[in-house]
Amino acid sequence: MSKVVRSDEDLLLTLLNSSPLLDGEPRDELRGPGAGAWLRTHEIPGTPRTSRELRDAIAAVVRGEARPTTLQHYLHAVRQIPVLTEEGVQWKTIGGGIGARAVLAWAALGDRLRACENDQECRLFLIDRSKPNTRRWCSMKTCGNRLKARRHHEKLKSPTD
Ligand SMILES: [Zn+2]
């Protein structure tokens, strides 16, 4: 059996979700003495510093705080080479490393990759693979229910709405 190769989308989401809020406390897996081990566990090549830079750069673009062109430098070393197969030409992407893989995955996902709407209590991102593309929370179990409960509570507090 061949080794399971991690998809670049999965790698991107893991990287983006490496600084969650846990019980309201910000936590950064890419800072501190455990950062290197965390990267190895998740099979993400690179140092904690370069991984943080990559994560923060993509996260800022996804949140609309930075322009997509700020990610251009990650693609400088990327080349595509044509490979002839029985089915015709297929383009093989080479070069650029983890930064290019993550940025290309982000570009291919478009608006299917977004921040969880529970932005007061959650800093996670989600990839919506559903057909209607209307998912709003990283997890219905946690953020979805929490937000619904809060809205319900707010409704009860202000009956004039
Ligand atoms: Zn969430």
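## Basis and fold

Helices (H or I, at least four residues) and strands (E, at least two) are DSSP runs, numbered from the N terminus. On that basis the protein chain has five helices and six strands, and their order along the sequence is α-β-β-α-α-β-β-α-β-β-α. The C-alpha trace spans about 65 × 40 × 40 Å along its principal axes. Of the 161 residues in the protein chain, 33% are buried; buried means under 20% relative accessible area, exposed over 50%, and partly exposed in between (1.4 Å probe, protein chains only).

The model is predicted: local features need pLDDT of at least 70, side-chain atom pairs count only at pLDDT 80 or more, and totals for chains, interfaces and linings use all residues. Residues are numbered from 1 along each chain as its sequence is written, and side-chain values use heavy atoms, with hydrogens and water left out.

## Zinc site

Which protein atoms are the donors of the zinc ion? They are the SG atoms of C116, C122, C138 and C143, at 2.3 to 2.4 Å from the ion. Donors are N, O and S atoms within 2.8 Å of the metal (3.2 Å for Na, K and Ca); water is not among the atoms, so sites may look incomplete. The angles among the four donor atoms run from 104 to 118°, and the site is tetrahedral. Four donors count as tetrahedral if all angles lie between 85 and 135 degrees; four count as square planar and six as octahedral if opposite donors are over 155 degrees apart and all others between 65 and 115; anything else is irregular. Ideal angles at a metal are 109.5 degrees for four tetrahedral donors.

The donor residues follow the spacing C-x5-C-x15-C-x4-C in sequence. C116 counts as buried because its relative accessibility is 3%. C138 is also buried, at 17%.

## Annotated region

The UniProt annotation "domain: Zinc finger CGNR", from an unreviewed entry, covers residues 112-154. UniProt positions are given in the numbering used here, feature names are shortened, and annotations may be inferred rather than shown by experiment. Over residues 112-154 the chain is 35% helix and 14% strand, with its end C-alpha atoms 30 Å apart.

## Largest pocket

The largest pocket has a volume of about 160 Å³. A pocket is an open set of points on a 1 Å grid over the protein atoms alone, where a 1.4 Å probe fits, with protein on both sides within 12 Å along at least five of seven lines; lining residues have an atom within 4 Å of a point. Grid points are joined across faces, edges and corners, and the volume is the space filled by probe spheres set on the points.

The lining consists of L16, S19, D28, R55, D56, A59, A60, R63, E65, R123 and F125. Helix α3 (residues 48-62) gives the most to this lining, with four residues. By class there are four nonpolar, one polar and six charged residues. Ala, Val, Leu, Ile, Met, Phe, Trp, Tyr, Cys and Pro count as nonpolar, Asp, Glu, Lys and Arg as charged, and the others, Gly among them, as polar.

R63 of the lining lies in the loop between α3 and β3 (79-85) and is partly exposed at 34% relative accessibility.

## Other residues

R52 is in helix α3 and is buried, at 17% relative accessible area. Its C-alpha atom is 9.2 Å from that of L16, 36 residues away in sequence. D10 lies in helix α1 (residues 8-16), is partly exposed at 35%, and is 9.1 Å from I127, C-alpha to C-alpha, at a sequence separation of 117 residues. E121, in the loop between β5 and β6, has its C-alpha atom 6.3 Å from that of G24, 97 residues apart along the chain.

Two non-glycine residues have positive phi: E43, near 55°, and N133, about 55°. E43 is in the loop between α2 (35-41) and α3 and is partly exposed at 46%. N133 is in the loop between β6 and α5 and is buried at 18%.
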